[in-house]
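User: I am new to this structure and would like to learn how to read its features. Please show it, and then take me through some of them.

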Number of protein chains: 2
Amino acid sequence: MKTTNLELTPEAMLQMGESAVKAVVDHIINLPSAPRSNLENSAEIVRSLREPSPEKGTDFESLLYFFMNKVIPVSINTPHPAYLGYIPGGGLYPSAIADFLGAVTNRFTGAWFAAPAAARLEANVLEWFAQWMGYPESARGILTSGGSLANFSGVVAARKHLLGDDISRGILYASNQTHHSVMKVAFLAGIPERNIRLLDVDKNFRAIPDEFEKAIKKDKKNGMKPFFLVGNAGTTNTGAVDPLSELADIATKYGLWYHIDAAYGGFFNICEEGKKILRGLERSDSIVLDPHKGLFVPYGSGSLLVKDGELLRRAHILTAEYLQDHTTPEGEFNASEYSPELSRSYRGLRVWLPLKLFGVKAFRENLAEKLHLTKWMYQRFLEEPGFECVAVPDLSVIAFRYHPQKGNIDTFNRQLLEKIVKSQKLFLSSTLLDGEFVIRVCILSFRTHQPEIEEAFEIIKNSAKKLVLEGGRS
Amino acid sequence: MKTTNLELTPEAMLQMGESAVKAVVDHIINLPSAPRSNLENSAEIVRSLREPSPEKGTDFESLLYFFMNKVIPVSINTPHPAYLGYIPGGGLYPSAIADFLGAVTNRFTGAWFAAPAAARLEANVLEWFAQWMGYPESARGILTSGGSLANFSGVVAARKHLLGDDISRGILYASNQTHHSVMKVAFLAGIPERNIRLLDVDKNFRAIPDEFEKAIKKDKKNGMKPFFLVGNAGTTNTGAVDPLSELADIATKYGLWYHIDAAYGGFFNICEEGKKILRGLERSDSIVLDPHKGLFVPYGSGSLLVKDGELLRRAHILTAEYLQDHTTPEGEFNASEYSPELSRSYRGLRVWLPLKLFGVKAFRENLAEKLHLTKWMYQRFLEEPGFECVAVPDLSVIAFRYHPQKGNIDTFNRQLLEKIVKSQKLFLSSTLLDGEFVIRVCILSFRTHQPEIEEAFEIIKNSAKKLVLEGGRS
């Protein structure tokens with residue numbers, strides 16, 4: 001029997017590692033001069049990348065060159081300091097090193113017994129999160145791939161606790177500014193679409209507690225089972241923070257599970273400025289936090305905290321004979337008993353390593369800086385003729401429109417966004433608010449500082465001026 | 001405003017990368033002489049690792065040393081060539097490089113428009129999987145964190161298609177050897193526990209089609225809605241492959257969604273020997289495959305294929321205003337429309353890179369080798385007095401017991417497993433079959449070759465002999 005070898009020689013591994021490190025450090029060094037987005041002819045380029053299953057191998061250097069020079073550049077440059085679109089996804093270098101270390105050592109971290117020390121580093125991270133949010137020691141958390149699955153496990157924990165098997169009458173309440181993933185995961189958890197109540201917001205796009213109370217009363221009267229109340233600690237559209245304490249009062253009064261989607265905004269709670277804005281966060285039953293947003297780690301890191309950790313466990317535990325060999329000591333826990341997953345990557349290290357390396361203080365200061373930059377830019381928008389901000393920013397999103405003297409406002413702003421993005425000097429994205437086209441700036445990259453924000457404002461201002469002079473385009 | 005900096009200097013990044021590469025290559029070089037598991041005093045060690053949130057930073061070299069020398073060794077050595085426990089999770093070095101490259105470049109791959117070329121590499125991988133499984137071009141797939149979430153999206157797609165919102169009477173059928181994650185994710189998807197039918201198996205632990213037909217008929221008569229039929233292409237307990245074609249006949253006859261959990265066994269379909277065993281795989285509506293099992297990539301890679309890809313999309317699509325800026329060309333797709341996730345890590349690269357680097361042929365040969373090694377070891381067990389294999393291995397799991405002349409068989413085998421594991425020369429795990437304690441050997445590491453299997457057999461044989469001489473322990 002022929003023995004095949006997928007193990008490389010030490011020399012080959014060292015060489016591959018060295019080449020990869022050089023390539024990505026070059027990539028980071030060259031970020032400032034790289035286009036902010038490059039999607040020209042992407043459909044054609046992508047078509048040329050289709051290929052049949054490769055029977056034979058290819059040398060590493062060619063594949064690395066191909067990836068870094070032919071694949072990566074065809075994209076929105078999300079790690080760029082001038083990437084202010086959607087919600088920036090960070091990309092701390094030490095997290096990438098952590099992914100590398102975790103994948104090579106390849107321990108099984110889905111259960112405590114197989115790699116208890118590695119599991120403990122993950123538990124440390126989750127315990128820090130719980131403390132930062134003002135949760136008690138009863139809290140338990142999980143690290144997920146992102147906010148969607150974190151929201152999912154929140155819905156499932158509440159559903160199990162408050163509805164049992166009778167889920168068809170369970171009702172979920174959220175403002176109409178809630179991230180669509182909350183509704184999506186509710187459907188995935190078996191909550192019918194007709195049971196979702198998306199409620200009107202105030203002029204700053206924050207939830208109106210009265211609307212929640214009215215809706216809950218009405219549903220109760222109709223024999224439905226209100227069970228899940230969503231608060232937002234930073235909406236995606238405008239960064240709005242709902243009145244978290246008032247929503248807590250209502251959830252308590254009517255016996256609903258109070259879930260806060262703080263995927264984007266929650267980590268601002270570690271700085272003083274943010275803590276004031278997020279008052280009431282600690283009164284929730286569960287919180288979603290995305291380390292790939294507020295802690296700047298690369299895409300692939302969400303988390304869920306549940307105040308009464310046992311309720312999270314009851315919704316997810318199911319064990320098997322082939323896992324019979326081991327037990328878990330008091331105070332430690334098996335991630336798989338609290339989450340939908342069993343085998344999965346070692347997610348804890350990509351959060352643990354940068355927190356340990358830089359210390360929490362550096363993150364606190366960086367987040368405070370983001371709030372400051374937002375205030376600075378917001379002030380500029382207020383002072384600049386023609387611009388309107390559609391809401392007072394609670395955190396680090398500014399949603400704005402330019403009002404041209406003539407022509408359709410929506411059309412003008414669509415053209416303005418297109419002009420900005422095509423310049424490749426700045427990346428922004430858009431949304432619809434009350435049916436109107438609005439441009440968004442979201443300041444959350446650890447690479448974005450005062451100079452980038454000043455430049456971004458100049459680009460926006462000058463692009464609007466130019467577009468006015470051009471009379472808009474047909 | 002103070003500007004904090006979480007960006008490292010190029011020199012620091014190069015140095016960190018170099019140190020990390022050296023450390024893990026050393027780790028791999030030293031694997032053969034490392035303990036196969038080391039869990040002595042793990043509870044105490046882990047307790048000492050608890051610490052409060054670190055306000056200040058620590059230098060990288062100290063953290064790297066701590067991780068590689070204090071954290072990783074306290075574990076079951078899952079990447080070791082003599083790790084034959086549970087189902088080995090591989091750990092190909094190029095996949096770790098891919099994780100590193102993906103995390104630094106940090107593109108958003110949840111939607112096509114943001115990084116279309118990167119998304120295409122993922123789509124290539126999924127199209128290769130579909131071809132390997134004999135699926136048509138209508139198939140679509142997703143890469144997940146592991147088998148559990150892949151099974152979840154299979155259940156959700158079937159539920160949406162066949163039950164709509166009326167899920168309380170939907171019934172799921174599976175053999176009692178089915179992985180517990182299938183039941184777990186069905187609960188998460190809102191299927192009540194009372195609606196799960198776990199059916200008896202034959203003497204080789206394979207599903208009995210007649211049992212399925214009887215159960216379906218009975219449920220239909222009682223007004224229930226049979227909707228989901230699970231076949232196993234390699235159970236975790238014994239590696240049993242259900243009669244896949246006969247189950248397909250039943251699913252077709254009664255209009256059920258036919259889902260095959262091939263998380264462990266599916267990739268054996270790329271080698272001739274495996275293809276024969278897995279006949280009927282292509283008749284399913286959905287298949288779960290774990291690249292972190294049969295393709296040897298590190299933990300964190302599962303996948304789901306759905307034959308009629310549009311049904312997967314319908315169960316997962318829900319979009320939002322802030323994603324309005326872009327469209328997807330024909331033949332390309334947004335992962336987030338087919339999966340519960342939106343933001344997530346760039347999963348495709350860790351599968352794409354090793355397949356391109358080594359070529360599929362190397363994987364085909366390595367998988368054929370695993371089947372051969374299993375046959376070789378099974379033959380040795382048959383020839384060795386005292387040993388009984390509880391089933392004929394279909395793939396690469398051997399489940400065995402030693403029958404001592406006197407004393408309790410279960411107790412003896414528990415002690416035998418403990419003796420083997422404590423020797424730190426070999427790692428095996430156990431299960432319960434028909435209530436009896438059984439030891440398992442699972443041969444699926446790319447690092448396991450003939451010498452490791454010969455040594456493993458000698459360790460098992462000699463440990464049993466010694467234990468007999470010792471008269472078992474009290």
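Analyst: Let us begin with one pair of side chains. B:Arg314 and B:Glu310 meet in a salt bridge, with 4.0 Å from N to O; a salt bridge is a side-chain nitrogen of Lys or Arg within 4 Å of a carboxyl oxygen of Asp or Glu. Both residues lie in helix α12 of chain B, 4 residues apart, which is about one turn of the helix. Helices (H or I, at least four residues) and strands (E, at least two) are DSSP runs, numbered from the N terminus. This is a predicted model, in which local features need pLDDT of at least 70 and side-chain atom pairs count only at pLDDT 80 or more, while totals for chains, interfaces and linings use all residues; side-chain values use heavy atoms, with hydrogens and water left out. Residues are numbered from 1 along each chain as its sequence is written, and chains are lettered from A and ligands numbered from 1 in the order in which they are written.

User: Is B:Glu310 buried, exposed or partly exposed?

Analyst: Buried means under 20% relative accessible area, exposed over 50%, and partly exposed in between (1.4 Å probe, protein chains only). With a relative accessible area of 31%, B:Glu310 is partly exposed.

User: Which helix holds both B:Lys214 and B:Glu211?

Analyst: Side chains of opposite charge can pair when their charged atoms come close. B:Lys214 and B:Glu211 form a salt bridge at 3.7 Å, N to O, and both lie in helix α8 (residues 209–221) of chain B, 3 residues apart. B:Lys214 counts as exposed at 53% relative accessibility, whereas B:Glu211, at 23%, counts as partly exposed.

User: How many salt bridges does the structure hold over all chains, and how many does the rule find across the interface?

Analyst: Over all chains there are 62 salt bridges, and the rule finds 10 across the interface of chain B and chain A. One of the pairs is B:Arg50 with A:Glu332, whose closest N and O atoms are 2.7 Å apart. B:Arg194 and A:Asp165 also form a salt bridge, at 3.5 Å from N to O. B:Arg194 lies in the loop between α7 (180–188) and β3 (196–199) of chain B and A:Asp165 in the loop between α6 (147–163) and β2 of chain A, so this pair joins two chains. There is also a network of salt bridges that links A:Arg50, B:Arg120, B:Glu127 and B:Glu332.

User: What area is buried between chain B and chain A?

Analyst: The size of an interface is often given as the accessible area lost when the parts come together. Here the buried area (accessible area, 1.4 Å probe, that two parts lose on being put together, summed over both) is about 14400 Å², and carbon and sulfur atoms give 65% of it. In contact (heavy atoms within 4.5 Å) are 160 residues of chain B with 160 residues of chain A.

User: What rotation superposes chain B on chain A?

Analyst: A rotation of 180° with 0.0 Å of shift along its axis superposes them, at RMSD 0.0 Å. That is the relation of a two-fold axis. Copies are superposed by least squares on the C-alpha atoms of residues with pLDDT of at least 70 in both. The same surface serves both copies, since 100% of the contact residues of chain B recur in chain A.

User: Where does B:Ser343 lie?

Analyst: B:Ser343 lies in the loop between α12 (309–316) and α13 (349–358) of chain B. At 14% relative accessibility, B:Ser343 counts as buried. Leaving aside neighbours within four places in sequence, B:Ser343 is in contact with A:Ser145, A:Gly146, A:His292, A:Tyr299 and B:Phe108.
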